[in-house]
Structure formats: structure tokens, C-alpha cells
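Subject: Structure handover and notes

Dear colleague,

Here is the structure I promised to pass on, with the sequence alongside. Please open both before reading the notes that follow.

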Amino acid sequence: MEKQKRRFMPAFVAAGLAFASLLGCHTAANASDGGEHTWHKYDININREDLSLEAGEHDKLEVSVDENGNCPDYHIEWKSADEDVAVVDENGIVTAVGRGKALICAYIIEDAYLDDPDYEPECACINATVSGK
């Protein structure tokens, strides 16, 4: 029987951009602040700097990953910091739910660390703004 992969659900996603920056998440905010930067195993980029939608609209985000010479097995997991504002599926399709702002992040999950409770994945995040209802 094949071992089923555990879906990684980072607890800090709901805390938003401040916590993502503190945890070393590669975001547009901490990449362009002019301060000192830590080395990242990956360069992760989302095809948008931000996203604006009306409630009920959908849009697809795409992520590109430069492995910087690393070749581990990994997969991407998308997360929304506020699913009352916007949800994102496993393919990067964002659906606007209600007014507000939500941080949308693409996490690189290295398969070798799926069972490691201390593993902190690298990610890229953008702000999604929803207007309307």
C-alpha cells in the first residue's frame, strides 16, 4: 500500500504578510525593501504583483520556480490568508468571495520534508483586493 502524502497546512498563512516576512518567506515586500536578505534555496515568482477582482470573479495565477541548482522533488501549494475574501485552488485559480484584502501565497513543499513538523517552506505572496458585495 502506497503511503498517502500529507497536505502541508502552514499555520502561519492566516497571519498574513507580516508573519510571512518574519518567517523568511520570499515576498515582493521583503524582496524590495532594500534591507539585508537571507539566501533562498528557490526563486519563486507569481505572474502578478497584485490582483484586483469584483466579488464572484475568478482569475488564474501562475508561479515560476528557479531551483538555483537544487533538484529536489517538490510541489506547489496555494493558500489564501482570508478565505472570506478570496479562495485559491490547487491550480492557482483565485475566486473573489467578499470585500477586503487577502494575501495569496504559493508555497514550495519539498516532498522529502512532508513528515517534518519543523519544516518551513519558501513562498511567494501577492495581495488580492476584492471589491463589490
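Let me begin with strand β3 (residues 58–60), which pairs with β7 in the antiparallel sense over three bridges; strands here are DSSP runs (E, at least two residues), numbered from the N terminus, as helices are (H or I, at least four), and two strands pair if DSSP finds at least two bridges between them. Within this pairing, H58 stands opposite T95 in β7.

Before going further, please note that this is a predicted model, in which local features need pLDDT of at least 70 and side-chain atom pairs count only at pLDDT 80 or more, while totals for chains, interfaces and linings use all residues. Residues are numbered from 1 along each chain as its sequence is written, and side-chain values use heavy atoms, with hydrogens and water left out.

The chain averages a pLDDT (the predictor's confidence in each residue, from 0 to 100) of 76, and 66% of the residues score at least 70. Over residues 1–24 the pLDDT stays under 50, and the model has 36 contacts beyond four places in sequence for them, a contact meaning heavy atoms within 4.5 Å. Residues 26–39 likewise stay under 50 in pLDDT, with 17 contacts beyond four places in sequence. Where pLDDT is low, the predicted coordinates should not be read in detail.

Together β6 and β7 form a hairpin with four residues between them, and G92 in the turn has a positive phi of about 85 degrees.

There is also an open sheet of four strands, in the order β2-β9-β8-β5 and with mixed pairing. Strands β2 and β5 (74–80) stand at its edges, each with a single partner strand, so one side of each is left without a neighbour in the sheet. On β2 (residues 50–54) lies S52, which is exposed, with a relative accessible area of 59%. S52 and N127 are 75 residues apart in sequence but 8.6 Å apart in space, C-alpha to C-alpha.

In this sheet, β8 (residues 100–110) and β9 (residues 122–131) pair in the antiparallel sense over nine bridges, and C105 has C125 as its bridge partner in β9. A disulfide (a pair of cysteine sulfur atoms within 2.5 Å) joins C105 to C125, with 2.1 Å from S to S. Because C105 lies in β8 and C125 in β9, the pair ties together parts that are 20 residues apart in sequence. The torsion about the S-S bond of C105 and C125 is about 105 degrees, so the disulfide is right-handed, and both cysteines are buried.

Finally, the structure holds one aromatic pair. Y113 and Y119 form this pair, which is stacked, at 4.9 Å centre to centre and 10 degrees between the planes; by definition, rings of Phe, Tyr and Trp (its six-membered ring) pair if their centres lie within 6.5 Å, and planes under 30 degrees apart count as stacked, over 60 as edge-to-face and the rest as tilted. Y113 is partly exposed, with a relative accessible area of 34%, whereas Y119, at 12%, counts as buried.

How values were computed: Buried means under 20% relative accessible area, exposed over 50%, partly exposed in between (1.4 Å probe, protein chains only).
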